[in-house]
Every structure is written in C-alpha cells, then in structure tokens.
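I'm opening my notebook on a new chain today.

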Amino acid sequence: MRSLQVPFLGIANKGFTLHDVALALGGHDNPIDIAPWREFEEKPAVSFSIAHNGSHLFIKYNVTEKEVLARYRHINDPVYKDSCVEFFIVFNDEPSYYNIEFNRLGTCLGRFGPERENRAELPVEIWKKIKYERTLRQVKVNHEPEINWTLTVSVPVSVFCFHNFGSIQRQNCRMNFYKCGDDLSYPHYLAWNNIEWFEPNFHLPQFFGKVEFM
C-alpha cells in the first residue's frame, strides 16, 4: 500500500500565484499507474504532485493520453465521463469520505458520504472557491501524436465542509487518486493505490493509502 507525506509549501503564504505553485510542484511526481481491471487495459501516463500551506491543498495532475474529452462546464456535472482526474479523502478513519473530481477544464464535482450511492452533494458556493491552472499541448509518444495536459488545483480546507478544520497541517487521513474517462474511445480506470474488486469502483476506502500533511 502506497503512502505519502505531504510537504508544507512555504511560498504559498507569500503573495503566491497558482502559476508559482504549479512550478514548485513540477518535480515531485507520484504515479497513477495501476489498472485494477483487466478488461480496461488502456493506460495513459498519469502522475500527480501534492503540497499544502495549511489553509489550502495543492495538487498538480500531469496526463498524457491519446484522446482528450472535455464537455462538461458546470459544477457537479458528471465530469468522470470526460478526461477526468480525481482524489478521494477520508479523515480520522471515519466512515464517510469526500470524492472530488475534475475534468481537463477544471470543472469539478464533489460529494460526501459513507458509500457510493446516496451521497450528499457539496454546495456550488464551495466549489467556486477552488482555483485552477491548466495547460494543453501535443506531444509525440513512440512517434505517435498524443496530448499532454496538466491541471493544478488550489483547494481551500473550507471545501471539506462537513469538518471544521482551521488548517490541514498535521492532519492524518487516507486518500486515493484516480484517472478515468468513461465516455472516451479508450475508457480506462487508473488508481494510485490498487483496488481489489470485481468491477470498476473507486468508492472503496479500504484501499486508500495513508497520507500525512506535514
């Protein structure tokens, strides 16, 4: 089981821009490279970098894939059908957890609850506090054209609205990170930590890895 210690990013408290954060996150990649379900063999190259400054969680996703789909533009749209990156987080081994998902445009979906169904939708006003920076370019992989895109997000701790954190520093939690694309020509389901389940399902906290915010 993979685990993480999330570093404190000091520059983020000194009049930073999200571009500054994206640059600072550039060299600390963690792979999202496990394909738990054999019937979905497509494996785009995906990694993430993560840091925090107490009041905000910063994640930079780096994706290279054959096809990019980005149709959904409204908060809490089904972005998992597009080219999508996600993180799920549970605090203090509680039964309920947050799922937070983004398509390439930065459109986000988020819910909270103890199981896959009947989850509480987080208010639109909360999601408007998330900031993001994105890039898109064409690259060659084995002499074939593919698309590289990055998404850097700044997630304030107020997004975790079912908790009352003044700071995420020193918090212990468990997380998993994902890449999917249900409606792509090459649908896929990739995870940071492996999932031992009979069908695609990211909503399984028993497979989340330990994460500590330093």
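This is a predicted model: local features need pLDDT of at least 70, side-chain atom pairs count only at pLDDT 80 or more; totals for chains, interfaces and linings use all residues.

**Entry 1: the whole chain**

I started with contacts: of those with a separation of 6 or more, 64% are between residues 24 or more positions apart in the chain.

I looked up the secondary structure next and found two helices and 13 strands.

Then I checked the overall size. A compact globule of 214 residues would have a radius of gyration near 17 Å, and this chain has 16 Å, so the two agree. The box that the C-alpha atoms fill, taken along the principal axes, is roughly 45 × 40 × 35 Å.

How much of the chain is buried? I got 52% of the 214 residues. The accessible surface is about 10200 Å², and carbon and sulfur atoms own 47% of that.

Charges: I noted 23 positive and 26 negative side chains, with the centres of the two sets 6 Å apart.

**Entry 2: the open sheet**

I traced an open sheet of five strands, and its order is β2-β3-β4-β10-β9, with antiparallel pairing. Which strands stand at the edges? They are β2 (30–31) and β9 (131–141); each has a single partner strand, so one side of each has no neighbour in the sheet.

I went along the pairs one by one:

- β3 (residues 45–52) and β4 are antiparallel and share eight bridges. Ala 51 has Phe 58 in β4 as its bridge partner. Their hairpin has three residues between the strands, and Gly 54 there has a positive phi near 90 degrees.
- β4 and β10 are also antiparallel, with 10 bridges. Here I found Tyr 61 opposite Leu 151 in β10.
- β9 and β10 (residues 144–156) run antiparallel too, joined by 11 bridges. Leu 136 sits opposite Trp 149 in β10.

Is β4 enclosed or open to the outside? Eight of the 10 residues in β4 (residues 56–65) are buried, so the rest of the structure largely encloses this strand.

I moved on to β7 (residues 108–113). Five of its six residues are buried, so β7 is largely enclosed by the rest of the structure.

I looked up its partners. β6 (residues 97–103) runs antiparallel to β7, with six bridges between them. β7 and β8 are antiparallel as well, and two bridges join them.

Arg 111 turned up in both pairings: Asn 99 is opposite Arg 111 in β7, and Glu 121 in β8 is the bridge partner of Arg 111.

I checked the hairpins too. The one of β6 and β7 has four residues between the strands, and Gly 106 takes a positive phi near 95 degrees. The one of β7 and β8 has six residues between the strands, with Asn 118 at a positive phi near 55 degrees.

Where is Leu 122? I found it in the loop between β8 (120–121) and α2 (124–127).

Buried or exposed? Leu 122 has 1% relative accessibility; buried means under 20%, so Leu 122 counts as buried.

I then listed what Leu 122 touches, leaving aside neighbours within four places in sequence. Among the contacts are Gly 110, Arg 111 and Phe 112, and also Asn 76, Tyr 98, Trp 127 and Cys 161.

Key:
Residues are numbered from 1 along each chain as its sequence is written. Side-chain values use heavy atoms; hydrogens and water are left out. The radius of gyration is taken over C-alpha atoms; the globule rule is 2.2 Å times the number of residues to the power 0.38. Buried means under 20% relative accessible area, exposed over 50%, partly exposed in between (1.4 Å probe, protein chains only). Contact means heavy atoms within 4.5 Å. Accessible areas come from the Shrake-Rupley method with a 1.4 Å probe; for residues, only the protein chains shown count as cover. Lys and Arg count as positive and Asp and Glu as negative; His and the chain ends are not counted. The place of a charge is taken as NZ of Lys, CZ of Arg, CG of Asp or CD of Glu. Two strands pair if DSSP finds at least two bridges between them.
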